[in-house]
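Student: I have a structure open here and would like to go through parts of it. Can we take it one piece at a time?

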Amino acid sequence: MHIVRIGDGSTKTHSAEAVGAKAANLARMAALGLPVPPAFVLPVDLCAAIVKHDPQARRRLDEGLAEGIAFLEEKTGTKLGDRRKPLLVSVRSGAARSMPGMLETVLDVGCTPAAIQGLVRVTGHPRFAWDCRRRFLESYGSVVLGLEEGLFARQLADIIAAEGKKDVTGLDNEALERLAESYRQIIDASGNLLPDDPMEQLQAAAQAVYRSWTSDRATTYRRLEHLEYLEGTAVTIQAMVFGNRGLSSGSGVAFSRDPSNGAAHPMIDVLFDAQGEDVVSGSRTPETEAALGRSLPQVAAQLSQTLTHLEQEFKDVQDVEFTIEQGRLWVLQTRSAKRTPLAALRIAIDLVKEGVIDPEQALLRLKGLDFDTLTSKRLARVSEAAGHGTGASAGVAVGRAAFDSANAARLAEGGQPVILLRPDTSTADVAGFAASAGIVTAIGGRTAHAALVARQMGKPCIVGCTMLRIDAAKRQAHLGEAVIGEGDWLSIDGAAGSIHLGQGQVVVDKPDAELAQVEEWRTASHKRKPHANKEALAAS
């Protein structure tokens, strides 16, 4: 079984088609000397065979996991599931092309009862240990065992209410221990077996990540993005670093430039005392780059330098996932950022001006854009904003309110523009995103996976609108004092983050200066090509 090791000192590059884009970029960052936790990769070519339950593929999988865990244990000086110095790992997907939030991840694998003792012993922090345990049980239960996520969410809500806390961050170690035990009971009651052997956990987690390739949302996303040619996903197993070890720790997502409007400054979302899924799932509303600068200025400066370094290395705007563990920055992923069409135009022009790429490269990147329809839009003749959130994807939209993906698709099929209103930014709503003119959510951040998908689709998106409360049973929403029924007209401004009642007027502006620059490049390119052809003929 051939595995790829990351963090073994190698500077070898790897094909995204073989190990997935995520792992290929991880290996590249490690070779650059950036702080990347050690990892190993099971290749893409195992995916189809694992999905088909091929016995030979299962044997290859087990061999690769055994070899890879031995490597991680040697690199970290820890042991998977150990009661003294435990190793915990993340099990992540990674196709050859980015599919943000569409495939599965299992975190904190190896967090057995014995490992809890080890985490307390090493850190002296029982709350942290039990937080890892409850996260593992929820992740394993929903992804590997296929249990409804709502079972865990309802149990969490009950304990938060019983403790009189606002959210999970207010629970102490005793409450988290009770929560973890209740999660274990949910799994037992389902008739599923939860192994306490950490290698069995790892084997099951890796198979579940491979199987997520065939999920409805992943299949729908590949169809919408014309990625049907992709052959499968790789699986990356990486030593866990912990953003949930107190307020000097955290997890976040950073863009080297604003992917919504193309502005040349970083855009960062961060949650302190949290793991990465808290940010990208859209289940919590994160803080911004200003909060990171105030709380951990040295980390903020290092992250800024890292973003610049990565943009220069990859010659494109980067979308970076990071973790901070007790004041130490770790980089977990980088990829080219999904961006709105207008941002793509402005970013390409800026990168040429800065000498990062040349005009020919810029034209290639802009090849898929329809310049005749490329516009910026603004609202006119609208009522005063009834609510505000955080602008996650620029643009404006006017449409009828829908509260789930099925009704959004139904209204759209009837020729009606739709504004999809949801409690959070779940990627399970990808079909509803495609049917909608714009998206609004009550919680979530600018860098949640679903906000990335909205930008890629060119849909205006507003997140973290705390005034929005959706009553699914009554098919209505409350926006502050206003009541919105399904089918009511709404107008949204994704840049300003404002939501207006009624049917506003959309004013369309053309980015004339930017389009003129592109036309100048095209003219210069056409002039060069005949000359190049003459030289080629002369040489022959």
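Student: Where is the place of Thr220?
Tutor: Thr220 sits in helix α9, residues 216-224. Helices here are DSSP runs of H or I with at least four residues, strands are runs of E with at least two, and both are numbered from the N terminus. This is a predicted model, in which local features need pLDDT of at least 70, side-chain atom pairs count only at pLDDT 80 or more, and totals for chains, interfaces and linings use all residues. Residues are numbered from 1 along each chain as its sequence is written, and side-chain values use heavy atoms, with hydrogens and water left out.

Student: Is Thr220 buried or exposed?
Tutor: Thr220 is buried, at a relative accessible area of 16%. Buried means under 20% relative accessible area, exposed means over 50%, and partly exposed is in between, using a 1.4 Å probe and protein chains only.

Student: What is Thr220 in contact with, leaving aside neighbours within four places in sequence?
Tutor: Val430 and Ala431 are in contact with Thr220 when those neighbours are set aside. Contact means heavy atoms within 4.5 Å.

Student: And which helix does Gly432 lie in?
Tutor: Gly432 belongs to helix α16, residues 430-435. Gly432 is buried, and its relative accessible area is 0%. Not counting residues up to four places away in sequence, Gly432 touches Ser405, Ala408 and Leu420.

Student: How far is Gly432 from Ile3?
Tutor: Their C-alpha atoms are separated by 38 Å, and the two residues are 429 residues apart along the chain.

Student: New topic. How do α5 and α8 pack?
Tutor: Helix α5 (residues 126-144) and helix α8 (residues 198-211) pack at about 50°, and their axes are 10 Å apart. That angle makes α5 oblique to α8. The axes are lines fitted to C-alpha atoms, for helices over the stretch in contact, and angles run from 0 to 180 degrees between N-to-C directions. Under 35 degrees counts as roughly parallel, over 145 as roughly antiparallel, 65 to 115 as roughly perpendicular, and the rest as oblique.

Student: Which residues make the contact?
Tutor: From α5 they are Phe136, Tyr140, Val143 and Val144, and from α8 they are Glu200, Gln201, Ala204, Ala205, Ala208 and Arg211. Seven of the residues in this contact are nonpolar, one is polar and two are charged. In that sorting, Ala, Val, Leu, Ile, Met, Phe, Trp, Tyr, Cys and Pro count as nonpolar, Asp, Glu, Lys and Arg as charged, and the others, Gly among them, as polar.

Student: OK, charges. How many salt bridges are there?
Tutor: The count comes to 29 salt bridges. A salt bridge is a side-chain nitrogen of Lys or Arg within 4 Å of a carboxyl oxygen of Asp or Glu. Side chains of opposite charge can pair when their charged atoms come close.

Student: What do the side chains of Glu17 and Arg97 do?
Tutor: They meet in a salt bridge at 3.3 Å, N to O. The pair links distant parts of the chain, 80 residues apart: Glu17 is in helix α1 (residues 16-31), and Arg97 is in the loop between β5 (89-95) and β6 (105-109). Glu17 is partly exposed at 47%, and Arg97 is partly exposed at 36%.

Student: What about Asp509 and Arg378?
Tutor: Those side chains also form a salt bridge, at 2.8 Å, N to O. Asp509 is in strand β25 (residues 505-509) and Arg378 is in strand β13 (residues 376-380), so the pair ties together parts 131 residues apart in sequence. Asp509 is partly exposed at 28% relative accessibility, and Arg378 is partly exposed at 43%.

Student: Which residues are linked in a network of salt bridges?
Tutor: Asp131, Arg134, Arg135, Asp278 and Arg284 are linked that way.

Student: How far is Asp131 from Thr308?
Tutor: They are 34 Å apart in space, C-alpha to C-alpha, and 177 residues apart in sequence. Thr308 is in helix α12, residues 297-314, and is partly exposed, with a relative accessible area of 48%.

Student: Last one. How many residues of α17 are buried?
Tutor: Seven of the eight residues in helix α17 (residues 449-456) are buried. They are His449, Ala450, Ala451, Leu452, Val453, Ala454 and Arg455. Gly458 follows α17 and has a positive phi, near 75°.
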